[in-house]
Amino acid sequence: MSEHDDPYDRSGQFLDLMIATWWEHNGATVAEALKDLPADAGPVVDAGAGGGRGTGLIARTLPDAHVLAVEPSLLLRSVLLARVFEDPDLRTRVSVDGDDLLAARLPDRIGGLVAANLIGHLGPHERDRLWGTWLPAWHRGRSRCSTCPRRSNRSMWRAPG
Ligand SMILES: C[S@@+](CC[C@H](N)C(=O)[O-])C[C@H]1O[C@@H](n2cnc3c(N)ncnc32)[C@H](O)[C@@H]1O
């Protein structure tokens, strides 16, 4: 597991509560973006999964998918692990990786990637590295990426199939 300078080491105790309203408002849009992902394209990555509200939504939207939740913050990961463990369905379909996204072990291909409320944490060079590292896996999985859902779908990309 890589070193991670955690911006949530104190405020993380409130993150799951504070972000609940964001998911109430945007959850349906995220689900809409995910719902037609092919089930056999590889795991769907929840990048910077926080306490796992998005992880649960991905799993509910794609009942046959495996979800890889990447969360480097120890504090937030403990909320995530508790949420996953409490749900017998999530327990069988969610893997949790505690690495920084830029150091995480990559599956050969992925079915999709949700990066909800994450990209603002990454500087320009880190974003370049993210696209460079993960894009080939998206292409192999013919997947879709959403960084910030909007009704217009402008911030969602589908890799060429
Ligand atoms: C605002 S929270 C959003 C959490 C979750 N995606 C949600 O919307 O409920 C940002 C998350 O990104 C994570 N994060 C920040 N930098 C990261 C990085 N380099 N790699 C992976 N996750 C990161 C934080 O630990 C935190 O969980």
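Is Asn117 buried, partly exposed or exposed, and why? Asn117 counts as partly exposed because 17 C-beta neighbours lie inside 10 Å; the cut-offs are 20 or more other C-beta atoms within 10 Å for buried, 12 or fewer for exposed and anything in between for partly exposed, with C-beta atoms placed from the backbone. The structure is a predicted model, in which local features need pLDDT of at least 70, side-chain atom pairs count only at pLDDT 80 or more, and totals for chains, interfaces and linings use all residues. Residues are numbered from 1 along each chain as its sequence is written.

**Confidence and overall architecture**

- The protein chain has an average pLDDT of 86, and 84% of the residues score at least 70; pLDDT is the predictor's confidence in each residue, from 0 to 100.
- Residues 151-161 have a pLDDT below 50, and this stretch makes 17 contacts in the model beyond near neighbours in sequence; two residues are in contact if their C-beta atoms, placed from the backbone, lie within 7 Å.
- Where pLDDT is low, the predicted coordinates should not be read in detail.
- There are 6 helices and 6 strands in the protein chain, where helices (H or I, at least four residues) and strands (E, at least two) are DSSP runs numbered from the N terminus.
- Along the sequence, these elements follow the pattern α-α-β-α-β-α-α-β-β-α-β-β.
- Of the 161 residues in the protein chain, 37% are buried.
- Among contacts between residues at least 6 apart in sequence, 73% join residues at least 24 apart.

**Nonpolar core**

- The largest nonpolar core holds 34 residues, of which Val44, Ala47, Ile58, Val67, Val70 and Leu113 touch the most other members; such a core is a set of buried Ala, Val, Leu, Ile, Met, Phe, Trp, Tyr and Cys residues joined through C-beta atoms within 7 Å.
- Two or more residues of this core come from each of helix H2 (20-34), strand S1 (44-47), helix H3 (53-61), strand S2 (67-70), helix H4 (74-86), strand S4 (112-114) and helix H6 (124-141).
- In H3, 7 of the 9 residues are buried, and the helix is thus mostly covered; the buried residues are Arg53, Gly54, Thr55, Gly56, Leu57, Ile58 and Ala59.

**Strands S1 and S2**

- S1 and S2 pair in the parallel sense over 4 bridges, where pairing requires that DSSP find at least two bridges between two strands.
- Within this pair, Val44 stands opposite Val67 in S2, and Asp46 stands opposite Ala69 in S2.
- In a regular strand the side chains alternate between the two faces of the sheet.
- S1 is covered on both faces, with Val44 and Asp46 buried on one side and Val45 and Ala47 buried on the other.
- From S2, Val67 and Ala69 point one way and Leu68 and Val70 the other, and all are buried.
- Val67 contacts Pro43, Val44, Asp46, Thr55, Ile58, Ala59, Arg93 and Val94, leaving aside neighbours within four places in sequence.
- Leu68 is buried because 25 C-beta neighbours lie inside 10 Å.
- Not counting residues up to four places away in sequence, Leu68 touches Pro43, Val45, Ser95, Asp97 and Pro107.
- Leu68 and Val94 are 26 residues apart along the chain, and their C-alpha atoms are separated by 5.9 Å.

**Loop residues**

- Asn117 lies in the loop between S4 and H6 and has a positive phi, near 60°, although this residue is not glycine.
- Most residues other than glycine have a negative phi.
- Ala41, in the loop between H2 and S1, is partly exposed because 19 other C-beta atoms lie within 10 Å.
- The C-alpha atoms of Ala41 and Ile110 are 6.2 Å apart in space, while the two residues are 69 apart in sequence.
- Ala104 occupies the loop between strand S3 (94-97) and S4 and is buried because 20 other C-beta atoms lie within 10 Å.
- Ala104 touches Val70, Asp97 and Asp99, residues up to four places away in sequence being set aside.

**Ligand surroundings**

- The ligand is surrounded by 21 residues, the closest being Gly48, Gly50, Ser73, Leu101 and Ala116; a residue is near a molecule if its C-beta atom, placed from the backbone, lies within 6 Å of it.
- The shell around the ligand divides into 12 nonpolar, 6 polar and 3 charged residues, where Ala, Val, Leu, Ile, Met, Phe, Trp, Tyr, Cys and Pro count as nonpolar, Asp, Glu, Lys and Arg as charged, and the others, Gly among them, as polar.
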